[in-house]
Each structure stands twice: as structure tokens, then as C-alpha cells.
Amino acid sequence: MSYIPTPEQAEELVKQYNKEPFHIQHAETVSKVMGEFAKEYDPDNVDFWRTVGMLHDIDFELYPEQHCVKAREMLHELDIDEELIHAVISHGYGICIDVEPVKYMEKVLFATDELTGLIGAVALMRPTGISDMEAKSVVKKFKDKKFAAGCSRDVIRQGAEMMGMELSELIAKTINAMRA
């Protein structure tokens with residue numbers, strides 16, 4: 001019988017497979033951002049969105065070369081619900097797996113996963129961090145290919161398109177979600 005872990009159970013699973021503080025913090029950040037988006041777009045399923053955000057990189061530390069492929073195997077072995085597995089692995093669409101984000105929640109994860117990294121990098125450069133950050137600061141750094149070069153601008157752009165949202169609006173919503 002497959003199940004859907006709570007966000008807290010998902011965090012424990014992440015910590016079983018990930019030891020790097022950065023990876024755990026990233027999972028927590030994406031989980032919280034997903035929860036904030038869920039409050040607006042799917043208020044009855046906030047915990048599900050948070051769990052997906054928490055588990056999205058469960059395999060990355062152990063299997064970076066097989067990211068999402070290994071996540072599918074690991075989550076199957078843990079008897080995790082198939083809908084949740086699809087949501088988790090679809091964030092690697094076109095990068096490391098051919099599972100497309102179909103549901104709006106999956107598109108949000110696809111778009112915000114990379115974007116939280118970029119926003120986090122911009123926050124580190126600011127004396128006030130994220131507290132008074134505006135979207136235009138991130139848009140400016142978004143255009144600078146050398147800044148936070150590991151954050152794929154193409155994925156962020158593609159995610160905004162999937163969501164039917166302007167890039168600046170997605171950035172503003174993600175900043176607000178990270179602030180919360």
C-alpha cells in the first residue's frame with residue numbers, strides 16, 4: 001500500500017540520504033516555497049506540495065549523475081504514492097529525465113527549484129538579504145550569465161512559460177514565498 005509522507009516525514013527521509021547542510025537547506029527552502037504557492041493555487045493540498053518540494057532532490061547527493069532516475073527507484077522502494085513520485089521527478093524534465101511536468105504544482109516545482117537558488121545567491125550579496133529584495137534586483141542578476149552560473153536561466157524561463165506567468169511575476173512571487 002503506497003503512502004504520502006507528511007512534510008515532516010519527508011524531511012526525515014531527505015536527511016537519511018543527504019548529509020550536506022546545503023542540500024538539506026535547499027530541500028527546506030523549496031518545500032516552504034511550494035507551500036506558499038499552494039496556499040494560493042491549491043489550498044487544500046499545502047502539505048502535499050510541501051512534501052513534493054522536500055523530496056525533490058532526495059537522490060541528488062548520492063547520485064548526481066542519475067538524478068531523478070534514482071529518485072524514482074528510491075521512492076518506489078519506500079512505497080511512496082505514484083502521483084508524488086511523478087511530481088518529484090518531473091522537475092528534472094529535459095535535464096535528466098523525460099517525465100514532463102503536467103499538473104500546475106509540478107510546473108511550479110520545475111520553475112522555482114532553480115529560481116530559489118538564484119534568489120538565494122542575490123540575497124547573499126545584499127546587506128539586508130531577502131527582507132527588502134525586489135524582483136528587479138533578481139531580474140538584473142538573471143541577465144548576468146556569470147552570476148550564479150549554476151542556476152539555469154533556460155529552466156527558469158521555461159518554468160515561467162509553463163505556468164503562464166511573466167518572469168518578473170514569478171520572481172516576485174518566489175521572493176515573497178521565500179520571505180514567508
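Student: At 41% relative accessibility, what does Lys 103 count as?

Tutor: Buried means under 20% relative accessible area, exposed means over 50%, and partly exposed is in between (1.4 Å probe, protein chains only). With its 41%, Lys 103 counts as partly exposed. Keep in mind that this is a predicted model, where local features need pLDDT of at least 70 and side-chain atom pairs count only at pLDDT 80 or more, while totals for chains, interfaces and linings use all residues. Residues are numbered from 1 along each chain as its sequence is written, and side-chain values use heavy atoms, with hydrogens and water left out.

Student: Which residue meets the side chain of Lys 103 in a salt bridge?

Tutor: A salt bridge is a side-chain nitrogen of Lys or Arg within 4 Å of a carboxyl oxygen of Asp or Glu. Here the partner of Lys 103 is Glu 83, at 2.7 Å from N to O. Glu 83 belongs to helix α5 (residues 82-89) and Lys 103 to the loop between α5 and α6, so this pair ties together parts 20 residues apart in sequence. Glu 83 is partly exposed too, at 37% relative accessibility.

Student: How many salt bridges does a search of the whole structure find?

Tutor: It finds 8. One of them joins the side chains of Glu 134 and Lys 136, at 3.7 Å from N to O. In that pair Glu 134 is partly exposed at 44%, whereas Lys 136 is exposed at 61%.

Student: Where do Arg 157 and Asp 154 lie?

Tutor: An α-helix has 3.6 residues a turn, so residues three or four places apart point the same way. Arg 157 and Asp 154 are both in helix α8, 3 residues apart, or about one turn. They form a salt bridge whose closest N and O atoms are 3.1 Å apart. Arg 157 is partly exposed at 32%, and Asp 154 is exposed at 54%.

Student: Which residues of α8 are buried?

Tutor: In α8 (residues 153-163), the buried ones are Arg 153, Val 155, Ile 156, Gly 159, Ala 160, Met 162 and Met 163. Their cover includes α2, α6, α7 (135-143) and α9.

Student: What is found at the start of α8, and what follows this helix?

Tutor: At the start, a side-chain oxygen of Ser 152 comes within 3.4 Å of the backbone nitrogen of Asp 154. After α8 comes Gly 164, with a positive phi near 70 degrees.

Methods: Helices (H or I, at least four residues) and strands (E, at least two) are DSSP runs, numbered from the N terminus. Contact means heavy atoms within 4.5 Å. A polar contact is a pair of N or O atoms within 3.5 Å; within protein, one must be able to donate a hydrogen and the other to accept it, and residues adjacent in sequence count only if both atoms are side-chain atoms.
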